[in-house]
Amino acid sequence: MKTKILRNLASAIFTCYATVAFSAPPHWSHDEQPTWWAIEDTSQVVPLRYPYAECGVGKHQSPIDLAAATINNAKTLNKLQASYDIDTPIFFNSGHGVQVNTSLSYTGALKIGEESYPLIQFHFHEPSEHVVGNKRFPAELHFVHINEDGRIIVLATAIDVGDENAIFQTILDNTPHQEGVQNANSGIQINPTLLLPALDQENLDFYTFAGSLTTPPCSEGVQWYLLPKVITISAAQLEQLKGFYTNNARLPQALNGRAVLSTQ
Ligand SMILES: [Zn+2]
């Protein structure tokens, strides 16, 4: 039950097409990102009238430019382990990106030290949101995890153009082209592990920092783990991704003194 509530919360946070009994959050688009904070919900009174205010007033917003950050690799960090397994997921066109929602019975999780964070969904941005070494990559993949306490952990990996990616093709081929539509009955099985870069998945190297959701409501308290290696998709696959959404990426946000911790 708890997991169900969290999954409902997750879909409400990550899409404005979620079925919400009272009133739906106001529509937004990536084109208007400089003024997300000012989008009004005219059915509400101040301050609820500005549901995306945190996008403007937050001090720990995501994404960030890692080249601008001080990176501290001297601290001992908890071990990061991707423990994903096979699922029969829901392929979802969220209205803002290509997304895969894990099934209700899915047991795959990200382990950080002794804590386990169930994988709820993963999705793609084009181009990348985080900037690494002054480079914006062609795309970026976000694995979103939420634990029973409601804590959100996002594992991110940059996507470069190179070899074709078979599992990515399966996702593209099964995601509906209509906004807000899901494909829940494909019966297709996928293993998200196959989307991770060539790293030791029992003990991943990473950069970690405090941040936020990169889409409205830009809620803070999200802990980010960015992998130092990329995955690849082919040029044709990148074009196919752009056929769904293009420029669905937020620009880097001010660090405001945040440090980045790293295992390397
Ligand atoms: Zn994302």
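The legends below describe close-up views of a predicted model. Residues are numbered from 1 along each chain as its sequence is written. Because the model is predicted, local features need pLDDT of at least 70 and side-chain atom pairs count only at pLDDT 80 or more, while totals for chains, interfaces and linings use all residues.

**View 1. Strand β4 and its partners β3 and β6**.
Strands (E, at least two residues) are DSSP runs, numbered from the N terminus. From β4 (residues 98-101), V98 and V100 point one way and Q99 and N101 the other, all of them buried; buried means that 20 or more other C-beta atoms lie within 10 Å of the residue's own, with C-beta atoms placed from the backbone. Strand β3 (residues 90-93) pairs with β4 in the antiparallel sense over four bridges; pairing requires at least two DSSP bridges between two strands. Q99 is the bridge partner of F92. Three bridges join β4 to the antiparallel β6 (residues 115-125), where F122 stands opposite V100.

**View 2. The largest nonpolar core**.
Such a core is a set of buried Ala, Val, Leu, Ile, Met, Phe, Trp, Tyr and Cys residues joined through C-beta atoms within 7 Å. Strand β8 (residues 152-161) gives the most to the core, with seven residues.

**View 3. Strand β10 between β11 and β13**.
Five of the six residues of β10 (residues 207-212) are buried. Six bridges join β10 to the antiparallel β11 (residues 220-226), and G211 has V222 as its bridge partner there. Two bridges join β10 to β13 (residues 260-262), also antiparallel, with T208 opposite L261.

Conventions. Buried ≥ 20, exposed ≤ 12 C-beta atoms within 10 Å, placed from the backbone.
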